[in-house]
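Please walk me through this protein in plain words.

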Amino acid sequence: MTKENPERPTATRTQSRGEAMSGLDRIRKAARGDKTQRLNNLMHHVTVDLLRESYHALKHDAAAGVDEMTWHQYGEGLEERLADLHERMQSGRYRPKPSKRIYIPKADGRQRPIGIASLEDKVLQQAVGQVLGAIWEEDFANFSYGFRPGRSQHNALDALWVGITRRKVNWVLDADIRSFFDTLDHSWLMKFVEHRVADSRMQNLIRRWLRAGVSEEGKWSRTSVGTPQGAVISPLLANLYLHYVLDLWVKRWRKREARGEVIIVRYADDFVMGFQHKDDAERCLAELRERFARFGLEVHQEKTRLIEFGRFAIENLERRDAGRPATFNFLGFTHICARRRSDGKFTVWRRTIAKRMRAKLREIKEGLMRQRHTPVPEQGRWLRTVVRGYFNYHAVPDNIRAMNVFRGLVSRFWLRALRRRSQKGKNLSWERMASLIKTWIPPAKLHHPYPDQRLRAIYPR
């Protein structure tokens, strides 16, 4: 009775997950085997099981799109909804809804437009993103970190720190692409998609998402360029576009054109380049402007800077009596040329961007004043969550002083809010407040190792 069992493959924990992953593994293997192969028959990998996994992978408390459907509401009768979505997708009857446009404030006071897709579109975009990601994760460059599995903002920060401190970097190009997500060219994007995807149904599905338009205050408008920030599929499409426009070009340029060493770290549409020679940096920037113009992009003139930055920058500027090296911002941190206190050797300090910290403190102050009449333990739990989340990202080596300043200001704002609760609150002493701070507000301590230690642990080579 059991003699046939050994020939059967080992079962996975759940049948659906095993089937979904085996399909993605086959795509990944095919993409890895031949970098020039155009893959067909991709739509049949978007199964009901993959749609179910995609639904559970979405944020449960995300805002609703134009259909006003929340994650929990869609989960009522989930199997019937997924079966219907799958049937419409496979038969070609599926039509995406326009994205709901909202605006969120930026740190500089401007408004950032965000497009929120309907829940059904999010589910399908998440599933298709997994299928397409299995292809292009085999192609994407190692210096690309944005919105990729197993890679984070801190991995990009680590790579940049190690590149500047360990390689021959004397000049840094702090580049910015003007309104990238709003100016991405659809025709070029589809050409890039067709490099690897031969499935016409998959191509048509992506076109429909790009042309679905946006709805703002009940009015629909067509989208001929760009992809909505906030859409589930947008990060993958953005990485795909910049892979062909920027990443492959930089690889070729530094191999054929550069006289010295060149490094680059990119996170989504933010990237920083380091050069050994100034003339390399100037030529690269000039040619990069021409390259971007060909594909409908533009280097932001005001936000793009070439600065002297690196291991010899401090000595060179002191010799010319030109002051301190300039700083640049990347992924929430200001990067500063410095010397180590222990041996005087060159290092890069990273400090929280002052403007970002002020914006966060303003947000906390307003939140405390709104809920100053709620019970103190409830306020304390809220503050603990906010401060801990802030420390989890910003508590890197050489930034602890800024974290202590942040904690101290949060404590003062809390004291001020509590003293305004009532006449009795004015008598709240610092001794009592110190006890509350110790109980509820986490102390500032390192949450991240030194960049070279973590990078060495992830990439032993």
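The charged end of Arg-81 sits over the ring of Tyr-74, 5.3 Å from the ring centre. A charge counts as sitting over a ring if NZ of Lys or CZ of Arg is within 6 Å of the ring centre and within 35 degrees of the ring normal. Lys-191 also lies over a ring face, that of Trp-188, at 4.5 Å from the ring centre.

Before we go further, a word on what you are looking at. This is a predicted model, in which local features need pLDDT of at least 70 and side-chain atom pairs count only at pLDDT 80 or more, while totals for chains, interfaces and linings use all residues. Residues are numbered from 1 along each chain as its sequence is written, and side-chain values use heavy atoms, with hydrogens and water left out.

How confident is the predictor? The pLDDT, its confidence in each residue from 0 to 100, averages 89 for the protein, and 93% of the residues score at least 70. Over residues 1–15, however, the pLDDT is below 50, and this stretch has one contact in the model beyond near neighbours in sequence. Contact here means heavy atoms within 4.5 Å. Where pLDDT is low, the predicted coordinates should not be read in detail.

Now back to the rings. Trp-188 belongs to one aromatic cluster with Phe-180, Phe-181, Phe-192, Tyr-241, Tyr-244 and Phe-295. In the whole structure, a search finds 15 aromatic pairs. The rings of Phe-180 and Phe-181 have their centres 5.3 Å apart and their planes at 75 degrees, so this pair is edge-to-face. For the rule behind that name, rings of Phe, Tyr and Trp (its six-membered ring) pair if their centres lie within 6.5 Å; planes under 30 degrees apart count as stacked, over 60 as edge-to-face and the rest as tilted.

Are these residues buried or exposed? Phe-180 is buried at 2% relative accessible area, and Phe-181 is buried at 10%. Buried means under 20% relative accessible area, exposed over 50%, and partly exposed in between (1.4 Å probe, protein chains only).

Next come two helices to compare by eye. Helices (H or I, at least four residues) and strands (E, at least two) are DSSP runs, numbered from the N terminus. The expected span of a helix is 1.5 Å times one less than its number of residues.

| Helix | Residues | Length | Span, first to last C-alpha | Expected span |
|---|---|---|---|---|
| Helix 4 | 78–91 | 14 residues | 20 Å | 20 Å |
| Helix 13 | 354–370 | 17 residues | 24 Å | 24 Å |

In helix 4, the buried residues are Leu-78, Leu-82, Leu-85, His-86, Arg-88 and Met-89. Seen down the axis, they fall within an arc of 165 degrees (taken from the directions from the helix axis to the C-beta atoms), so they line one face of helix 4. Their cover includes helix 2 (48–57), helix 3 (71–74) and helix 5 (119–136). After helix 4 comes Gly-92, with a positive phi near 85 degrees.

In helix 13, Met-357, Leu-361, Ile-364, Gly-367, Leu-368 and Met-369 are buried. What covers them includes strand 11 (346–352), helix 14 (376–394) and helix 15 (400–419).

Helix 14 also holds His-394, which is buried at 11% relative accessibility. Leaving aside neighbours within four places in sequence, His-394 is in contact with Gly-332, Phe-333, Thr-352, Asn-399 and Met-403.

Technical notes
pLDDT = per-residue confidence, 0-100.
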